[in-house]
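Thanks, everyone. I will keep this brief, so please look at the screen and follow along.

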Amino acid sequence: DAAIVADAVTAEAVATPAQPVEATAADFGAAAPVAEQAPAEPEPAYTEFNVPESIRLWQEKFDKDLKEKDAAAETATKALKEAAEKELADWYTRNESERRDREQANRSAEEAFVSKRDETTPGNEWERVAFLLDFTQKAKKSAKDTSRMK
């Protein structure tokens with residue numbers, strides 16, 4: 001029996017032609033090159049026609065809520081802008097009136113100073129000199145002069 005099987009195997013091996021063997025990188029211990037494939041686009045889980053009712057209802061509610069929130073934010077922004085414009089206009093009017101008041105006070109103080117400076121009463125020359133000079137005590141040299149920081 002064994003002789004018949006051995007003769008059959010050798011006869012079959014002789015009858016079929018040998019296939020050529022191709023050597024690959026894997027045969028020599030290197031990693032086989034990987035063929036590059038184009039990334040497959042995933043198919044959408046749901047299309048417009050087969051979306052479940054619960055998801056469609058949720059999406060509609062979500063869109064409605066989002067529009068309401070956008071409208072509320074828009075009105076809040078408008079109100080804030082109007083309040084800011086009003087506050088800015090009030091600040092400009094307040095600043096202008098304060099500037100006019102300061103200007104008037106400075107002019108009146110200047111007129112009083114000039115009239116007193118130019119006053120020429122005989123016998124008061126030294127009082128006039130003392131008025132024009134500053135006899136206040138100066139700060140120590142080691143201390144910082146802050147007299148002009150008003």
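Glu 96 is partly exposed, at 31% relative accessibility; that label covers values between buried, under 20% relative accessible area, and exposed, over 50%, taken with a 1.4 Å probe and protein chains only. Its salt-bridge partner is Arg 100, with 3.8 Å from N to O. By salt bridge I mean a side-chain nitrogen of Lys or Arg within 4 Å of a carboxyl oxygen of Asp or Glu. Arg 100 is also partly exposed, at 47% relative accessibility. Both Arg 100 and Glu 96 sit in helix H2, 4 residues apart, which is about one turn of the helix.

A word on the source. This is a predicted model, in which local features need pLDDT of at least 70 and side-chain atom pairs count only at pLDDT 80 or more, while totals for chains, interfaces and linings use all residues. Residues are numbered from 1 along each chain as its sequence is written, and side-chain values use heavy atoms, with hydrogens and water left out.

Now the overall layout. The protein has 3 helices and 0 strands, and its elements run α-α-α from the N terminus on. Helices here are DSSP runs of H or I with at least four residues, strands are runs of E with at least two, and numbering starts at the N terminus. How many of the 150 residues count as buried? The figure is 0%. The accessible surface comes to about 15000 Å², and carbon and sulfur atoms hold 58% of that. These areas come from the Shrake-Rupley method with a 1.4 Å probe, and for residues only the protein chains shown count as cover.

Back to the charges. The whole structure contains 9 salt bridges. One of them joins Arg 56 to Glu 53, at 2.3 Å from N to O. Arg 56 is partly exposed at 34%, and Glu 53 is partly exposed at 45%.

Another salt bridge links Arg 117 and Asp 118, at 3.1 Å from N to O. Salt bridges with shared partners also connect Glu 96, Arg 99, Arg 100, Glu 103 and Arg 107 into one network.

Next, helix packing. At what angle do H2 and H3 pack? Helix H2, residues 53–117, and helix H3, residues 125–132, pack at about 145°, with axes 10 Å apart. The axes are lines fitted to C-alpha atoms over the stretch in contact, and angles run from 0 to 180 degrees between N-to-C directions. The contact, meaning heavy atoms within 4.5 Å, uses Phe 113, Lys 116 and Arg 117 from H2 and Arg 128, Phe 131 and Leu 132 from H3. By class, that is 3 nonpolar, no polar and 3 charged residues.

Last, the surface. Trp 126, Val 129, Leu 133 and Phe 135 make a nonpolar surface patch of about 510 Å². Patch residues have over 30% relative accessible area and no salt bridge, and nonpolar side chains are joined within 5 Å, like charges within 9 Å. Trp 126 is in helix H3 and is exposed, with a relative accessible area of 72%.

Note on methods
Ala, Val, Leu, Ile, Met, Phe, Trp, Tyr, Cys and Pro count as nonpolar, Asp, Glu, Lys and Arg as charged, and the others, Gly among them, as polar.
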